[in-house]
Amino acid sequence: MKVDRFVCTGCGVCCRKIVITNDYGTFGLYLEPQETKLFPKWHVEPFWGFGVKGRRRNRPKFVGAYQFTGEQCPYVTKQNECRIYERRPLVCRAYPLSLFFIRDKEGKVHAEMDNRCPVINKRFPEEQIELPHGGLDYLGETAISADLKSTRHFENCVLKSDGYLWLYHFKQQKWQLRAHPSKKVN
Ligand code: SF4
Ligand code: SF4
């Protein structure tokens with residue numbers, strides 16, 4: 001029986017078209033704090049943070065994640081290989097999971113697939129797919145564990161925060177207060 005598994009064709013789209021615009025804003029390559037040193041600092045901006053809006057505060061109290069905002073990754077080779085493969089960020093390990101966090105009614109966290117990847121687009125042509133974590137034979141262990149690690153980081157930040165999620169719109173260079181993370185972010 002043929003096993004249904006994700007197989008990357010090496011087209012390079014995910015490393016060459018980093019900036020995306022979706023319902024939440026415009027974003028670059030997601031980076032956790034310790035990953036920012038991999039990229040030139042003039043192309044690294046905040047991604048999300050937490051903190052209640054103050055009378056004079058239009059930004060979160062602390063930043064939990066960053067983004068690389070260049071159009072394409074500086075580490076992709078002409079052959080679409082990764083020059084820092086062993087050190088690549090979590091988001092690259094999780095791909096084609098997109099590391100966007102969505103809670104269902106029971107409070108479980110889901111992540112979306114990135115259907116800009118031609119393989120995903122062909123396999124799931126209708127729309128972006130939300131997949132619950134765990135047991136995903138299609139994507140394999142590396143992607144799932146990277147996504148879980150990133151989700152844990154997000155949830156740890158939720159726990160130590162006073163609750164309110166902010167997203168940084170790097171094109172507009174401003175923070176946007178999104179929602180309390182116990183609610184769906186939309
Ligand atoms: S770090 Fe590697 S895998 Fe990640 S976007 Fe850059 S070239 Fe692609
Ligand atoms: S977009 Fe999909 S098929 Fe193309 S290199 Fe990235 S993971 Fe592989």
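**View 1. The shell around ligand 1.** By class, the shell around ligand 1 holds seven nonpolar residues, one charged and no polar (Ala, Val, Leu, Ile, Met, Phe, Trp, Tyr, Cys and Pro count as nonpolar, Asp, Glu, Lys and Arg as charged, and the others, Gly among them, as polar). Look for C15, C73, Y75, V76, C82, I84, R88 and C92 around ligand 1; a residue is near a molecule if its C-beta atom, placed from the backbone, lies within 6 Å of it. This is a predicted model, in which local features need pLDDT of at least 70, side-chain atom pairs count only at pLDDT 80 or more, and totals for chains, interfaces and linings use all residues. Residues are numbered from 1 along each chain as its sequence is written, while chains are lettered from A and ligands numbered from 1 in the order in which they are written.

**View 2. The shell around ligand 2.** Here the shell has nine nonpolar, three polar and no charged residues. Among them are C8, C11, C14 and C117, along with Y95 and P96. Helices α1 (13-16) and α3 (118-123) each supply at least two residues of this shell (helices are DSSP runs of H or I, at least four residues, and strands runs of E, at least two, numbered from the N terminus).

View 3. Strands β9 (residues 165-169) and β10 (residues 174-179) pair in the antiparallel sense over five bridges; pairing takes at least two DSSP bridges. L165 has A179 as its bridge partner in β10. Four residues lie between the two strands, and Q173 in the turn has a positive phi of about 50°.
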